[in-house]
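Reader: I would like to learn how to read a protein model. Please take me through one, feature by feature.

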Amino acid sequence: QVQLVESVGGLVQAGGSLRLSCAASGIIFSINAMSWHRQAPGKQRELVAVISSAGIAKYAESVKGRFTISRDNAKNTVYLQMHSLKPEDTAVYYCARTVALRGDYWGQGTQVTVSS
């Protein structure tokens, strides 16, 4: 079975940093694009960042310059490094395998809370 297991999120003050990880199994990780999404209360889930199998990354405008998506194929893990966090970054964050520009397998979600 495909599993995407995310690290625990956390509580961080505005301006702080946090790194999320997502460990994949049941897929050939190295050939798959991976992505991070988030959903805040009362809002739709949105794409945060996506990274291709070749390591090319794209970001939502709201996080450009602050977040970095990366992957370690040897560890079957995708990361989201978040800097300069803002209260509006508060959300449940999900990793996903990305096929045809959408996720087909999803992590369980992890809460990130940014306090002001």
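Reader: What pattern does the protein follow, read along the sequence?

Author: The pattern is β-β-β-β-β-β-β-β-β-β-β. In total there are 0 helices and 11 strands. Helices (H or I, at least four residues) and strands (E, at least two) are DSSP runs, numbered from the N terminus. This is a predicted model, where local features need pLDDT of at least 70 and side-chain atom pairs count only at pLDDT 80 or more, while totals for chains, interfaces and linings use all residues. Residues are numbered from 1 along each chain as its sequence is written, and side-chain values use heavy atoms, with hydrogens and water left out.

Reader: How many of the 116 residues, in percent, count as buried?

Author: Buried means under 20% relative accessible area, exposed over 50%, and partly exposed in between (1.4 Å probe, protein chains only). Here 43% of the 116 residues count as buried.

Reader: Where is empty space left?

Author: Rolling a probe the size of a water molecule over the atoms shows where empty space is left. On a 1 Å grid over the protein atoms alone, a pocket is an open set of points where a 1.4 Å probe fits, with protein on both sides within 12 Å along at least five of seven lines; lining residues have an atom within 4 Å of a point. The largest pocket has a volume of about 220 Å³, a volume being the space filled by probe spheres set on the points, which are joined across faces, edges and corners. Of its 13 lining residues, Leu47, Val50, Lys58, Thr98 and Leu101 lie nearest the centre. At least two lining residues come from each of β4 (33-39), β5 (46-51) and β10 (102-106).

Reader: Which residues have a positive phi near 50°?

Author: Most residues other than glycine have a negative phi. Asn76 has a positive phi near 50°, and so does Ser84. Asn76 sits in the loop between β7 (67-72) and β8 (77-82); Ser84 is in the loop between β8 and β9 (91-99). Asn76 counts as partly exposed because its relative accessibility is 26%, and Ser84 does so at 41%.

Reader: Which residues is Ser53 in contact with, leaving aside its neighbours within four places in sequence?

Author: Contact means heavy atoms within 4.5 Å. Ser53, in the loop between β5 and β6 (57-59), is in contact with Ser30, Ile31, Asn32, Ala33 and Arg71. Asn32 is 21 residues apart from Ser53 along the chain, yet their C-alpha atoms are separated by 5.2 Å.
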